[in-house]
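The following paragraphs go through the side-chain packing of one chain. Please keep the sequence and the 3D view at hand while reading.

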Amino acid sequence: MRRALRCARLVAVIAAAVPAHAGGPAAAPKASAPAASAVQTREPTDEERSSFDDYYREQVPVRVSGGPSLFAPMFDISRRRGQAWQVIARVDSSPRHHSPELCRQVRTSYIYDAKAPQGQRWVPSAAAPEWYVWLATPKVICTAAQYTVRMDPAVSNEDATALLRQHRELLLRARLLFAGHSGCARQRALTFRLNAIEPAAPANGAAAMVGMVFESDRETHVRVAVRKHRGEYAAWNVSCNGL
């Protein structure tokens, strides 16, 4: 009798330990949000590449393109699923002195229309050409550089030259400002490269400002507003896109 009672208690304990839904139909999984349309990319076709080569050589003189040795278009081809391909070609002009201290290349974009008649499929983009600059070597002809910085045409040559020379020191000062900025604190220790020089809005106590854009090794961007006062430059404030 006692043995039967112990067995009955053991069965009750085991039954209590099994979840109520065990052995029943599986719960339906929660519906997940639809995934965002992925962007597709591809390389240019032979027709796209050859037609652009023909178009560019007819439209742009060698003194601007630099000739075959420098002519190297970059293609940006993408689409979202179900949409037509957007084909863009970008070309840098041959390097030239923009000022005694600066070398410059101008990057122009062209758009492809596959439905246009042959020979009329490429047109210049409505976007303004972009300027890319780097420090010149005195009395040396400008040649293509591995690292260049995008320069807004509204920035003066004097400011661009100064920021190119001082950007490392200004970034060190800006890192101190990161700590007091909630959007920048986590990026304080990242490795950055100067990506662009652009105008900056006046700030309280600093009427003359110019901006620097840094790109990190984590593909984030930091903007540093630089105060100019009597020819001296100081990192004034920062803004960041978060990690």
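**Rings, cores and a bent helix**

Arg-42 has its charged end over the ring of Trp-85, 4.8 Å from the ring centre; a charge sits over a ring if NZ of Lys or CZ of Arg is within 6 Å of the ring centre and within 35 degrees of the ring normal. Likewise, the charged end of Arg-104 sits over the ring of Trp-131, 4.3 Å from its centre. The model is predicted, so local features need pLDDT of at least 70 and side-chain atom pairs pLDDT 80 or more, while totals for chains, interfaces and linings use all residues. Residues are numbered from 1 along each chain as its sequence is written, and side-chain values use heavy atoms, without hydrogens and water.

Next come the aromatic pairs. Rings of Phe, Tyr and Trp (its six-membered ring) pair if their centres lie within 6.5 Å; planes under 30 degrees apart count as stacked, over 60 as edge-to-face and the rest as tilted. By this rule there are 12 aromatic pairs. Tyr-55 and Tyr-110 are edge-to-face, because their ring centres are 5.7 Å apart and their planes stand at 75 degrees. Tyr-55 belongs to helix H2 (residues 46–59) and Tyr-110 to strand S5 (residues 102–112), so this pair ties together parts 55 residues apart in sequence. Helices (H or I, at least four residues) and strands (E, at least two) are DSSP runs, numbered from the N terminus. Tyr-55 counts as buried at 13% relative accessibility, and Tyr-110 is buried at 7%; buried means under 20% relative accessible area, exposed over 50%, partly exposed in between (1.4 Å probe, protein chains only). Tyr-56 and Phe-71 form a stacked pair, 4.9 Å centre to centre with 25 degrees between the planes. Both Tyr-55 and Tyr-56 are members of one aromatic cluster, which also includes Phe-52, Phe-75 and Trp-122.

The largest nonpolar core has 28 residues, of which Leu-163, Ile-197, Met-212, Val-224 and Val-226 touch the most other members. Such a core is a set of buried Ala, Val, Leu, Ile, Met, Phe, Trp, Tyr and Cys residues joined through side-chain atoms within 4.5 Å. Among the elements giving it two or more residues are helix H4 (157–178) and strand S11 (221–229). H4 gives the most, with 8 residues. Apart from this core lies another, of 13 residues, among them Phe-52 and Tyr-55.

H4 bends by about 65 degrees at Gln-166, the bend being the angle between axes fitted to the seven residues ending there and the seven starting there. Buried residues of H4 include Leu-163, His-167 and Phe-178.
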